[in-house]
Amino acid sequence: MARLGSLDSPVKGLDGGADTTVGDMVASAENMEGDALERIQQEQLKAELWACVDSLPGQQPEVIRQRYEGGMTLGAIGQKHGTTLEAVRQIHAKVLRELRKPRYAKRLRPFVPDDERIYSMAITGNGVGKFHRTWTSSTERVALDVIDWEERRQMHLELLERVRR
């Protein structure tokens, strides 16, 4: 690198041509592919989430859209619909409870990173009594279950491959 004169110097020996320069081979500080994939995943998540919201009955989708897309307060939404803040708050709470149900959670689960999934699964079934029986924390138990599931999955895939041959 000490003998390098310019980033525009051609690099010889790659694919038989000298079209590549040293500057083309230097890693960028920006992760443009990662950023693009992240944006695509965020757009897919938004589309799936709003599809879940739009499938709800009555005025529930409209209340949620006004709250989160429109940035309106619950009081302002109540005034617009000619109802009280408390009624809108109850609709809002009901929608959030509904979106936590398995039929919607299954649609949104692919967007949750595995480490977050392990944490959320570990919240249940923990406590001193359970620790004294198993000598593992709830997070450790879930992580071990995930590892065990992956091993069983790999074993099934290998068995399937042997059957195919």
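Contact means heavy atoms within 4.5 Å of each other. Helices (H or I, at least four residues) and strands (E, at least two) are DSSP runs, numbered from the N terminus. With these terms, L74, G75, I77 and G78 in α4 meet L85, V88, R89 and H92 in α5.

This is a predicted model, where local features need pLDDT of at least 70, side-chain atom pairs count only at pLDDT 80 or more, and totals for chains, interfaces and linings use all residues. Residues are numbered from 1 along each chain as its sequence is written, and side-chain values use heavy atoms, with hydrogens and water left out.

**The chain as a whole**

- The chain has nine helices and zero strands.
- From the N terminus on, the order of elements is α-α-α-α-α-α-α-α-α.
- Of the 165 residues, 18% count as buried. Buried means under 20% relative accessible area, exposed over 50%, and partly exposed in between (1.4 Å probe, protein chains only).
- Take the contacts in the chain with a separation of 6 or more: residues 24 or more positions apart account for 34% of them.

**How helices pack**

Two packed helices are described by the angle between their axes and the distance between the axes. Axes are lines fitted to C-alpha atoms, for helices over the stretch in contact, and angles run from 0 to 180 degrees between N-to-C directions. Angles under 35 degrees count as roughly parallel, over 145 as roughly antiparallel, 65 to 115 as roughly perpendicular and the rest as oblique. For residue classes, Ala, Val, Leu, Ile, Met, Phe, Trp, Tyr, Cys and Pro count as nonpolar, Asp, Glu, Lys and Arg as charged, and the others, Gly among them, as polar.

- *α4 with α5.* These helices pack at an angle of about 110°, and their axes are 8 Å apart. The pair is therefore roughly perpendicular. Their contact has four nonpolar, three polar and one charged residues.
- *α3 with α5.* Helix α3 (residues 60–68) packs on helix α5 (residues 85–99) at about 95°, with axes 10 Å apart. The two are therefore roughly perpendicular to each other. From α3 come Q60, V63, I64, R67 and Y68; from α5 come V88, I91, H92, K94, V95 and L96. By class, that contact has seven nonpolar, two polar and two charged residues.
- *α2 with α3.* Here the angle is about 140° and the axes are 8 Å apart. That makes α2 oblique to α3. W50, V53 and D54 of α2 touch P61, I64, R65 and Y68 of α3. This contact divides into five nonpolar, no polar and two charged residues.

**Buried residues**

- In α3, the buried residues are Q60, P61, V63, I64 and Q66. They pack against α2, α4 (74–81) and α5.
- Q60 is buried, with a relative accessible area of 11%. Leaving aside neighbours within four places in sequence, Q60 is in contact with I91, K94 and V95.
- I77 lies in helix α4. Its relative accessible area is 0%, so I77 is buried. Beyond four places in sequence, I77 is in contact with V63, Q66, R67, M72 and V88.
- E98 sits in helix α5. E98 is buried, at 14% relative accessible area. Apart from neighbours within four places in sequence, E98 is in contact with L56, R103 and Y104.
- T21 lies in the segment before α1 (22–25). At 18% relative accessibility, T21 counts as buried. T21 and P10 are 11 residues apart along the chain, and their C-alpha atoms are separated by 4.3 Å.

**The second largest pocket**

Rolling a probe the size of a water molecule over the atoms shows where empty space is left. On a 1 Å grid over the protein atoms alone, a pocket is an open set of points with protein on both sides within 12 Å along at least five of seven lines, where a 1.4 Å probe fits; lining residues have an atom within 4 Å of a point.

- The second largest pocket holds about 180 Å³ of space. Grid points are joined across faces, edges and corners, and a volume is the space filled by probe spheres set on the points.
- Its lining is L45, L49, L96, L99, R100, A105 and L108. The elements giving two or more residues to this lining are α2 (32–54), α5 and α6 (102–108).
- By class, the lining has six nonpolar, no polar and one charged residues.
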